[in-house]
Amino acid sequence: HVQLVESGGGLVQPGGSLRLSCAASAYTDSTYCMGWFRQAPGKEREGVATIYTGDDSTYYIDSVKGRFTISQDNAKNMIYLQMNNLNPEDTAVYYCAAGGPSELLMGFCTLAQGEYNDWGQGTQVTVS
């Protein structure tokens with residue numbers, strides 16, 4: 001198991017930027033995928049961005065491509081989500097999650113929740 005704690009959320013104006021951080025207690029030998037998910041008010045949770053911890057391969061939902069960047073620092077067990085050019089549709093609670101090899105598909109981690117094992121408590125991002 002890995003404990004995850006998100007931080008970095010806040011209130012920003014449209015066009016602004018935020019960087020979210022996810023601190024992990026540790027990776028297990030089966031922690032293959034890390035991802036950021038979000039849930040807007042009244043909507044289902046959706047995958048935003050994922051990273052394969054083995055080779056840094058990333059995958060993004062179409063609506064954030066070119067604006068968001070997921071990255072990792074293995075030495076610090078940290079995952080980041082740099083969010084640029086934010087718009088009101090990005091308003092949501094953002095969650096960090098960790099998954100195993102079942103989340104891998106052709107070298108990329110799925111955006112579907114699937115069997116992601118561990119979840120953080122979330123951090124609020126409000127764009128208005």
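1. Among contacts in the chain between residues at least 6 apart in sequence, what percentage join residues at least 24 apart? The figure is 61%. The model is a predicted one.

2. The chain contains 13 strands and 0 helices. Its radius of gyration is 13 Å, close to the 14 Å given by the globule rule for 128 residues, so the chain is as compact as a globular protein of that length. Along the principal axes, the C-alpha atoms fill a box of roughly 40 × 25 × 25 Å.

3. Of the 128 residues, 46% are buried. The chain exposes about 6,400 Å², and 48% of this comes from carbon and sulfur atoms.

4. The largest nonpolar core has 29 residues, and Trp36, Leu81, Met83 and Tyr94 have the most contacts inside it. Elements giving two or more residues to this core include strand E3 (18-24), strand E4 (33-39), E8 and strand E9 (92-99). Another core, of 6 residues, lies apart from it; Cys33, Phe37, Ala97 and Cys109 are among its members.

5. Met83 counts as buried because its relative accessible area is 0%. Leaving aside residues up to four places away in sequence, Met83 touches Gly16, Ser17, Leu18, Leu20, Arg67, Phe68, Tyr94 and Val125. Tyr60 is 23 residues from Met83 along the chain, and the C-alpha atoms of the two are separated by 12 Å.

6. On charge, the chain has 13 negative and 7 positive side chains. The centres of these two sets are 8 Å apart.

Terms used: Residues numbered from 1 in each chain as written. Predicted model: local features only at pLDDT ≥ 70, side-chain atom pairs only at ≥ 80, totals over all residues. Heavy atoms only, no water. Buried < 20%, exposed > 50% of the residue type's maximum accessible area, 1.4 Å probe, protein only. Contact = heavy atoms within 4.5 Å. Core = buried A, V, L, I, M, F, W, Y, C linked by side-chain atoms within 4.5 Å. Helix = DSSP H or I, 4+ residues; strand = E, 2+ residues; numbered from the N terminus. Rg over C-alpha atoms; globule rule 2.2 N^0.38 Å. Areas by Shrake-Rupley, 256 points an atom, 1.4 Å probe, with all protein chains shown as cover. Lys, Arg positive; Asp, Glu negative; His and termini not counted. Charge placed at Lys NZ, Arg CZ, Asp CG, Glu CD.
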